[in-house]
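Subject: Structure handover

Dear colleague,

Here is the structure I said I would pass on. My notes on what was found in it follow below.

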Amino acid sequence: MNDKNPKSSSGKFRKWLKRKHKKKQPDPYYLQDELSDGDDFMEDIYVSSLEIDPCTSTNELRIFVGTWNVAGRAPVGSLAVDLEEWLKPQDAVDIYVLGFQEIVPLKTRTVIGAEDPRKATNWNLLIGKALNESSGCPWLTPMLNPISSDSYHYVRNPGLEKGASFSAICDNARMRGKPITEHRHHQQAVIGGSKYKLMASKKMVGVFISVWMKEELATKYSVSNVKVSSVACGIMGYLGNKGSVSVSMSIERTSFCFIAAHLASGEKQGDEGRRNHQVSEIFKRTSFPRSAKDEHNLHPLTILGHDRIFWFGDLNYRLYNLEDNLARHLIQKKDWKALQEFDQLRREQEDGGVFQGWREGNIEFAPTYKYSSSNCNRYSGGVPSRSGEKQRTPAWCDRILWYGKGVKLLSYLRSEIKFSDHRPVSALFSTQIEVNKSSNPRIFSKDTIVPNIMPPEQIGTSGNYEEGKATLLSLIVKDTEASSIHTQKL
C-alpha cells in the first residue's frame, strides 16, 4: 500500500503541534509535561493515533444519551407513555444510553441499606417496552439480573449464525449451581424478538445507568469488554446518595465509556467546590480491572483511557452571583445566552476547571430544575413564594458532556415531561468506530488531558491536589504500560 498519505499527514500534524506549543507554553495538564522531557515523545504518540491503519475502516453509529432525575418516584402509571415520548424510538438510533438519578427516595434506609435489584429491573422492563413495542417488536423481558460487579462478560454463541452474539452475566452469587448452557438458552430466548437489546445495567442507591443496542448491530459488530464501575462519594465521602455508575465497552476497535453521575446539591457559595471534588474522586476511583479472562482482550482501565467518553447526569451546577429575580427575568425573556454567562459548569470547562477540554452543546432550552411539583410548569420559589415551597433559583442541573475525537453532536434538547421536579435532557450523537479487518490487538495511546483537581484550599481538605493528580497519572500510565507489555508478548 502507498504510504505517502500517512507520512504527509504526519508531517502536517507535527507542524501544527509545534505551532500550537509556541502559542501555549507550557500546559501542565498535558501528559507530555508529566511523562516526557520534550515534544518528540508525545508528538509520535499524537501522530500515530491519527494515522490511518490500513487494517481498519470507519463506520458511523448514532448514540442517544439521556439523563433524568425522577425524584424518587416509581416507574408506574403514565410513565410508560412519557418514556416513549422522551426516547422517541426511531430506526436512526443505534445505541441508547440512559442515566437516571433518585430512582429510589434518598432516605436513610435506602442509602445505607442493601441494594434492591427490583428497582433497576422495573426500570429496564419499562425502557425495553418503550424501545421495542413502539417499533412493532414483541417484547418479553430484558435481562432480569442487573449487573452487580465488574464480571459482566460479553461472549459469542457458537450455536448462532456467524457473527451473532449475546450477553451473559458471570455473577457467581447468582449463577452458582447453574450450568452456563442453561443461562445461554434463557438469554437467547429473551432477546429473540427484540429490536433493542440490554447490553449493560448498573444501580447504586438512586443512580442508575442502562445501555441498549440494536440487536442487528450486536450481531454485526464485535462487542467486547462490557464492564461496570460505581463510585460512592456522598455522605462522609463514601455513601452512595451521590456518586456515579459507569459502563465501559468496546465496539470493534473503539472503546466507549459512559458515566452517569449525581453530584452534590446546593446553591450557596462554595457548594460548587464539593461538586468539583466529587468529579475528581470519580476520575480517580472509577476503574475497569482486567481479569485472567481478559489476557488476550485488552481494554482501558480508567475513564480517560477510552476513545469516546460521555459524562451526564444531575451534575447540580447552578447559576453563580445572579439574583433570583434577575434569573427568572432572563428565563421569561428566553435569553439563554445571557443566562449562561452565570453558569458554573461553563466555568469548569473554560477556566481550567475539572471539566477542562470537555465539550457540551449549545443550551437553547430553559433551566431544567427546580419545578414546583409534578404536573406543574412553574419553577419552585420566586416572589411571592408559596407556603412550604423551597426557594431555588432555576438552573441547568441536568447536563450531557463528551470528550474524545470522532464525536459530532446532532441535537441537544430537554423534554417537557412533568413527572418530577426535573425535566429530562437528551443528546443525539454521531460517532465513528474503527472496524477491525485483522486480528491485531488494540493499542491505547496516552493522548489525553488530565483534568484539573481542585486545590485543597478550595475544597476545605488537605492533600487532595497532589494525591489526585498522581493517582490519575499512575492509572493512565499503568493502563498504557499494561497494554504495551501485553502486545509485545503477543
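Please keep in mind that the whole model is predicted. The two strands concerned, β2 and β6 (residues 207-214), pair in the antiparallel sense over 6 bridges. In general, the strands of a sheet are paired through backbone hydrogen bonds, in either a parallel or an antiparallel way.

The sheet

These strands belong to an open sheet of 6 strands with mixed pairing, in the order β5-β6-β2-β1-β13-β12. The edges are taken by β5 (196-204) and β12 (407-414); each has a single partner strand, so one side of each is left without a neighbour in the sheet. From one strand to the next, the twist averages 20°.

Helix α4 touches β1, β2 and β13 (425-436), and its direction makes about 140° with that of β1. Helix α6 (residues 117-132) touches β2, β5 and β6, and its direction makes about 35° with that of β6.

Arg62

Within the sheet, strand β1 contains Arg62. This residue is partly exposed, with a relative accessible area of 30%. Leaving aside residues up to four places away in sequence, Arg62 touches Ala92, Val93, Asp94, Ile95, Leu410, Leu428 and Phe429. One of these, Asp94, is 32 residues from Arg62 in sequence, yet the two C-alpha atoms are 5.2 Å apart.

The cores

What are the residues with the most contacts inside the largest nonpolar core? They are Leu87, Phe100 and Phe310, in a core of 81 residues. A second, separate core has 22 residues, including Cys257, Ile282, Ile309 and Leu345. To return to Phe100, the residues it touches, not counting those up to four places away in sequence, are Trp68, Val70, Trp86, Trp123, Ile127, Gly206, Val207 and Phe208.

Backbone points to check

Most residues other than glycine have a negative phi, and most peptide bonds are trans.

- Ala71 has a positive phi, near 55°. It sits in the loop between β1 (56-69) and α4 (79-87) and is partly exposed, with a relative accessible area of 33%.
- Glu102 also has a positive phi, about 55°, although it is not a glycine. Its place is the loop between β2 (95-101) and α5 (108-112).
- The peptide bond from Tyr369 to Lys370 is cis, with omega near 5°. Lys370 is in the loop between α13 (344-350) and β11 (398-403).

Overall figures

The protein has 15 helices and 13 strands. Of its 490 residues, 55% are buried. Its accessible surface comes to about 22,300 Å², and carbon and sulfur atoms account for 50% of that. Taking contacts between residues at least 6 apart in sequence, 72% join residues at least 24 apart.

Regards

Methods. Residues numbered from 1 in each chain as written. Predicted model: local features only at pLDDT ≥ 70, side-chain atom pairs only at ≥ 80, totals over all residues. Heavy atoms only, no water. Helix = DSSP H or I, 4+ residues; strand = E, 2+ residues; numbered from the N terminus. Buried < 20%, exposed > 50% of the residue type's maximum accessible area, 1.4 Å probe, protein only. Contact = heavy atoms within 4.5 Å. Areas by Shrake-Rupley, 256 points an atom, 1.4 Å probe, with all protein chains shown as cover. Core = buried A, V, L, I, M, F, W, Y, C linked by side-chain atoms within 4.5 Å. Pairing = 2+ DSSP bridges. Axes fitted to C-alpha atoms, helices over the stretch in contact; angles between N-to-C directions.
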